[in-house]
Amino acid sequence: MRRGLLAVPLGFFLSLSMTVAEAREPYKIDGIDTTTYDSIKQEWESIPNYLQDAQCGGWDLSQSVAGKVATISGVLGHSGKWDGAILSGMATRTDEKKTNSDFQFPDQATGLVTDCWAGSDGSVHKPVWRDIAGNSDVPPTDPIQKIDVVFPYPVFQDPACRWRRMDENEKYFDTAPSIPLQPVSSYDPPPQYGEMQKPDDGIQIIGEPGDRQGIPNCMDFSNYLNTFQYRDCLQTEIVGASIVCLRWDSRYVCSNAPLSPQPTDNESPTSGLPNSFVCTGQQCRCQQDGGPLINRTSQCIKDQNGDPYYSYYRSYTATTQRDPVASDGPADNTLSDTKIPVACYGFYNEFDPQTHQTQPQDRRCVIKIDVSSMRDSQEGKGNYGDSTGVSKPEWESSKISDKDPLSKENQRQKKNDQLDLWYMKLGSSISFLNEDVFQKDKGGDLTNVYLDIDNLDSATQEGSWPVSRQGSEPHIAKSDQLRAFDDTGDKRIVVGWWQKQQTEVASALHPTVLRLLLPPGYAFGVDPSDPLINPSVENRTDLTIDQRSKRIEIQIGASEDLLGEVLGYVERSFLLHLNEEPIPLIVPMESPTELRATAQAWCSWYMKKNAASSCNGAPANVRDYIDKLEAYADQVENIRELRAQLASYAGRVMQLQQSLTKPISEWMKTNLESYQAFLKEQQTLTQGIEQQWREAQTAMSAFHDATNMPWCMNQRFETPISSLLDTWLPSRALSTNTSSDGRISADELPNLTVPRASDITIDLSGFTYMTGSLALPVLKPVQVRLDIETPSENTQDGPEHPLPNFPNMDAVTSAMEQSMKNLPNVVTNAALAPLPLPENQSGQTATILETMQQITNTVRSMNERYDKFWKSIGPLTLDPNAPAYDPTKECTSETIKNRKEHRQCCSFDDDVCQHVEMDLIERIQRIASRKLVFLKEDYASAGIERGAPDSCLPSDDVCLLLHGESAVPRYQWQIDGPKTMPDLSRDARKAVRDATLPTPIGSVAPATFPPYDASMGTIVPVYDVPRLIDLSPPKK
Amino acid sequence: MKSTRLIAGSLLVASLASHTSLAFFIPLASAQYVDTPECQQETFDLIAHEKRIERSVLFGQKPAKESEIGSVRFDRKGNAWMKKDTNAWNSLAAGYQDTTWSDSFVDNQADVDPRRGLFEQKRTSTSDLIPALTQTFRAYQCRLRAVCAVATLSQTDDAKGKTKIDVQPDGCIKIPMPVLKDCTNGAQATVSATSCDDAVDSVLAQEQQIMVLLTSYDSAYRTLLQFQGVFEGFLSSFRFALVNPLWQTVRVIGGLTHLPCFLSQCDE
């Protein structure tokens, strides 16, 4: 397969390597600022200079391909019709029905034929005339009789040219067997045969060294065969009761033809044909029965036994004819003046390579051609862009050409747009108001414009073409690329196969996108600093608001902590809204020191007044007062314990919160783990695929950039070489479908089938949060001093009013605890199903990787086949230091160049013998490819436009198919509060009032109410809680 | 946030008291206020009464029936009454411990009539409230001055035999004020002559700071409400048209990151 368009700028070969060409470094755009037009423009302005340095490429639409595809004669093969299938990029064979009727066999062919049978055991029975003692050449007076004699028979196998007799030491005879042959029984040991090996010193070799299939060796073999002669009587006479021989002569063992046929010879009219002789033209086309396709025995020359002469060596001289391609480089080397000798070894075997899988023994020909000057001669470029001034072809008019956005004709003119509010300079991608229309239709008020924005604003941004849809008309990418082609001809099996694999890999590497739909943040007071609303740069791929559903849609590239962020966000949204509810109360504000001082003052007062040493004997009212003061001093500190109520209550609320969020946390944890596992598996899969696919791409790159492009050449519209498909295209080996499709199909090619992942939309917009707020009672103690009596000199009987017990704050504490108990119970028996994560393909990793390895192997095999093809006619550059031809060297040690020039094969399918005889025309046509300048008809072999955005024709495109999208049922998670939320603050306030106020408002007995230094008129208002004022607008 | 709580009785300290519309004072009348503890208590009770009136003007006074349990009202004698239960009000004032008043009776006996407060006006900007607030404060000033004036006048012969007398602080209209009975006997002077004015100054200064803080809070709150409404309308009306192009841009750019490279040269 050759990549057509891609080869234009990249087909530069600077290396002087003997075998593998290296393309120029590709033009790279790396790390430029893509945010400004100028920076991009600056980058692309250097591209023409890069292209200018190219050796070939470009366009010349003024030239037609007609006449520029080489016509080959003098060799076997099939004629082609270069414009038979323009769209396929290849020619079709003239024989469209593929019956091989277009096969050509040149009359100029020469070769060698033999009627000796290969595979003989080395002996043959011959009924010959002998005297009674078994002797030949006896006088005509001696009676003779027919007896059966076993003679030696040449032993050889295909290829024949290298077989000889060996002596007892397994050395080859330097001479032919003694003529005439003696019967086998006279040999001791019997004659042995084998393939010739490199001769030892001292043994004279006739012709080429024995390990090479060269033309001299074949001639030598022919001569050798003809030395197999036996004696027989060619003319007998009956004398009386006896038969006597009038003329003894030798016969050829294989053909039984007499060595010296006489005009009077009354034997077979074919007599005189030796064991082997030179054939010409159709004589060389004879082959044995049982060939793969054609039984041509009836057309063969036959010996007097009726046995056909088969060709075991053929020699052709190919000539090419094509018109040169004009370019800015040197003259196109069309090879038209070059005669190209070709030698093919082995028994002729005619078949149609299109329907027959060639085997190693079918690669048997040597093409002697010097291509060392092609790299230089085939340089030359056409034009880039359409600067030729030549009108474009008809099909060009339907294609889209680039427009200069800054060109005036591509911009809407203000004067022509007076009816439009917007003055669109599309080239600048910016809109301005049309002042006239703005004033006339919109009253000069921008508000009117905004209010009519739906009708006025047509500035929508379109997606890329493959997925864009404008109105009801889908915009599909137009395939402006030249089609790639391959040697499967109009089937383009390999192209479609490879591009399909590329698309599959793209699908495998295209990460799945999670699309989360969340409730609108603005509606429920989401924290603007929430990391989800302001995600980190790495995660921010899409943040938008959809009008219809009124929800935030966040499309997020998968990252490990993403789901955690989302679920954390959801969890946060469930946080209880707390509302502080003050619980006012009054508490005594006294200093323990002061209270004890007052107690001591009363004690001192008593002792002074009664001259007592202690106040133990004080009256009950004084004693009680002192004790109460001491108790007050001890308990007043306990007031501080009320402060702990807030923390205690807050802790209880936190527990409530935890109960509410625990299921979400567990749900989150479960999903996080599976999500992270999914990501990890996907990452592993991606890494494995990337690594493996890189090898396949490298192999394919080496193929189309180097191997199959040894010099600048355009192989488009040439006849496919079907035999180059062998050894790597599996369908060639199939036993079925052998006729019509020529075993050329994608069957059994390693085929990736990556299940199409789908993006998943997870709709969490149904998540609701608890409306309203939960009251958090907060004690607000107001400290009031107590009215403590102190003794004075005028005090007579002690305190006037007894002190009640210190107010017990346990009731307040109990009220708060009761308030905690009244908090709603949390029932969380509902579980949410786990998030349906995208189906992971990790289970198929092994299969995918194995298939990729098979693909890589297939591409490498293909590369190897083409590599051998091109190397066999090498080298591409001559090495002045290369060793000279040395006939004494072992064949495989000889250079390809030397073997090629002497048309030598070491064996079938060796480095030089790479050419299949049946498609020599196609092969030499390939070698004589035109220059790499794209011509008029090249432009026509463009791909078919895509018909649907969600599919991709593998024969034309490698596509990045967006995943399908699946949505799961909407998730909903909500907190169902009690139908009537308990008014915890009201109950707490009442309890506190009861505990701290006297009757009738509270439940404290007036007698036990602390003697606060304030009137009831000021104490009661402390308990008043200002009401809320609602300023929200009335509901419509 | 849909509501706010205005704590009328708290001591709020404002660091800035520069609201120009409130930063004026009516000149003091040259009071000769000589009081007794009883006179002083009666004077302060009247000041408190005026303050409750002023607060009711600012924040409103719900009818007793609509008031929440725990609400406190004052009757005309200055006794505090708490709503202990539905339609049941009790007081701890001497002589009233065994008395329960109904809602209607509380409204009838309350020293402040139910009314709607200035700050309760919805769909009004704070700026529109300023004149009324200013006038309220000005009236509050006048009435407090009038309290001191009547406290002084109550000790004079002008008040003898009268239950009400008209007083006119400087810059104010004539205000009929009740004669303070406990101040009619001015012979027992125990407190400085300017104690009433000092107390009024203190109350006014405090109220001024509260007003400044309150106005600031109200302004911010009403602005937020206004912005919320406007923004909600904005999002409902315009957001798709404005946001959609951005949304498409982001989507396209985000999609570009997924484009793989199919050139073999990208493998390096």
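A residue counts as buried at under 20% relative accessible area, as exposed at over 50%, and as partly exposed in between (1.4 Å probe, protein chains only). This is a predicted model: local features need pLDDT of at least 70, side-chain atom pairs count only at pLDDT 80 or more, and totals for chains, interfaces and linings use all residues. Residues are numbered from 1 along each chain as its sequence is written, chains are lettered from A and ligands numbered from 1 in the order in which they are written, and side-chain values use heavy atoms, with hydrogens and water left out.

**Stop 1: the whole chain**

Select chain A. Of its 1036 residues, 50% are buried. Chain A holds 19 helices and 33 strands. These are DSSP runs, numbered from the N terminus: helices are H or I with at least four residues, strands are E with at least two.

**Stop 2: a hairpin**

Now select residues 229-239 and 242-252 of chain A. These are strands β13(A) and β14(A), which run antiparallel and are joined by 10 bridges. Strands pair if DSSP finds at least two bridges between them. Find A:Q235; its bridge partner in β14(A) is A:R247. Two residues lie between the strands of this hairpin, and A:G240 takes a positive phi near 65°.

**Stop 3: strand β17**

Move to residues 340-345 of chain A, which form β17(A). Six of the six residues are buried, so this strand, too, is largely enclosed by the rest of the structure. Look at both faces. A:I340, A:V342 and A:C344 are buried on one side, and A:P341, A:A343 and A:Y345 on the other.

β16(A) pairs with β17(A) in the antiparallel sense over six bridges. There, A:R314 has A:C344 as its bridge partner. β18(A) is antiparallel to β17(A) too, joined by three bridges. Here A:A343 partners A:V366.

**Stop 4: the core**

Which residues touch the most other members of the largest nonpolar core? They are A:V75, A:Y316, A:V342, A:I367, A:W711 and A:I927, in a core of 67 residues. Such a core is a set of buried Ala, Val, Leu, Ile, Met, Phe, Trp, Tyr and Cys residues joined through side-chain atoms within 4.5 Å. α15(A) gives the largest share, eight residues. Apart from this core lies another, of 57 residues, among them A:W602 and A:Y1023.
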